[in-house]
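Me: I am new to this structure and would like to learn how to read its features. Could we go through them together?

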Amino acid sequence: VAKHLGKNNQVLTLDLKRIHRFSFWQQIRAFSPDIIHYIPGPSIKSFMILRLASLFCKSSKTVMFATHPDIPLFLREIIRFIQPDILLVQSYQTDQILKRLRCKTAFFPLGVDIEKFEPASHEVKQDFRIKYGIDINKFVLLHIGSIKSGRNVQVLNNLQKNDCQVLLVGSISVGVDTKLLEELRDSGCIIIDRYLETIEEIYALSDCYLFPTLNTYDYLGRSTAKSIEIPLTVLEAMACNLPVITTNFGGLPRLFQEGSGLIFVNNEDDVYQALEQVRKGVTANTRDMVLGCSWEVVVKRLESIYDGLVNSKGTD
């Protein structure tokens with residue numbers, strides 16, 4: 001966001017880890033921004049921090065990405081009193097919750113780097129399989145994400161078969177379900193549990209991308225999925241023109257219509273049928289579907305939202 005905004009605007013980026021330092025707040029006041037945009041939200045803590053920042057710069061308009069809602073039911077009413085000027089939401093569910101609290105919202109997907117993530121030729125695919133030790137003759141089903149039961153990755157166990165190789169890239173730095181990790185390894189899934197700077201190579205060597213995570217919530221009304229509501233991995237896989245099998249998670253059904261290699265599923269049985277459909281031969285055109293989410297396009301829309309806030313006269 002900052003990189004593309006910086007082409008036409010003055011941008012100051014601040015690390016929230018430094019929020020307890022006086023210099024953090026000095027920088028905000030000295031910069032005197034037209035817009036204060038809080039990225040990792042929303043939670044009650046993020047609402048309070050952004051509210052405090054707006055008090056430091058009373059002329060600034062405030063914006064928050066609602067990518068990963070974490071707001072317990074019993075605290076939601078507080079938002080009425082500390083809400084920003086606009087919340088950029090990714091799903092119908094979050095949109096409805098915030099509108100009931102009289103927040104101003106707009107649907108807004110995150111962007112994908114369409115230059116870094118691009119289709120790979122057959123030759124490139126084979127070369128990367130050799131590099132990572134993946135059988136060049138198998139059908140490779142990919143998932144990228146944390147190894148936790150809340151992500152529903154346990155379905156990968158049953159998809160690992162003789163001629164189908166499941167490949168899971170999952171960081172253990174954010175915590176991991178060790179029992180689930182061992183079950184996946186025992187079933188034959190290949191797991192890469194380290195940071196990969198060239199993650200695009202993993203998409204390139206794969207035949208299909210699967211996002212099995214469900215819309216589930218705990219007793220406090222918080223999502224148990226541990227994922228942003230429009231998963232970047234789905235956008236990246238589409239940018240690589242892979243067939244994509246995904247649940248109706250978050251804002252994906254709002255952003256995309258099924259077809260051209262994108263298949264929505266509701267349960268594990270649907271996954272099997274979708275996978276069989278892909279393996280029989282699906283003409284994927286998922287890259288064209290996701291071009292509207294390139295960072296260049298997305299940031300232009302973001303600038304338009306900023307302009308609307310800065311130039312508003314206090315009325316909707």
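Me: How do the residues of the lining of the second largest pocket divide into nonpolar, polar and charged?

Reply: Ala, Val, Leu, Ile, Met, Phe, Trp, Tyr, Cys and Pro count as nonpolar, Asp, Glu, Lys and Arg as charged, and the others, Gly among them, as polar. Here that lining has 12 nonpolar, seven polar and seven charged residues. A word on the source: this is a predicted model, where local features need pLDDT of at least 70, side-chain atom pairs count only at pLDDT 80 or more, and totals for chains, interfaces and linings use all residues. Residues are numbered from 1 along each chain as its sequence is written, and side-chain values use heavy atoms, with hydrogens and water left out.

Me: Which residues lie nearest the centre of the second largest pocket?

Reply: On a 1 Å grid over the protein atoms alone, a pocket is an open set of points where a 1.4 Å probe fits, with protein on both sides within 12 Å along at least five of seven lines; lining residues have an atom within 4 Å of a point. In this case 26 residues form the lining, and Ile 144, Gly 145, Ser 146, Ser 171 and Thr 233 are nearest the centre.

Me: Which element gives the largest share of the lining of the largest pocket?

Reply: Helices (H or I, at least four residues) and strands (E, at least two) are DSSP runs, numbered from the N terminus. Strand 1 gives the largest share, six residues. By class, this lining has 22 nonpolar, five polar and four charged residues.

Me: Which residues have the most contacts inside the largest nonpolar core?

Reply: A nonpolar core is a set of buried Ala, Val, Leu, Ile, Met, Phe, Trp, Tyr and Cys residues joined through side-chain atoms within 4.5 Å. Buried means under 20% relative accessible area, exposed over 50%, partly exposed in between (1.4 Å probe, protein chains only). The largest core has 37 residues, and Ile 202, Tyr 203 and Tyr 209 have the most contacts inside it. Helix 10 gives the most to this core, five residues. Apart from it lies another core, of 23 residues, including Leu 141 and Val 265.

Me: Why does Met 289 count as partly exposed?

Reply: Met 289 counts as partly exposed because its relative accessibility is 24%. Met 289 sits in helix 13. Contact means heavy atoms within 4.5 Å. Leaving aside neighbours within four places in sequence, Met 289 is in contact with Met 238, Phe 256, Gln 257, Gly 259, Ser 260 and Leu 262.
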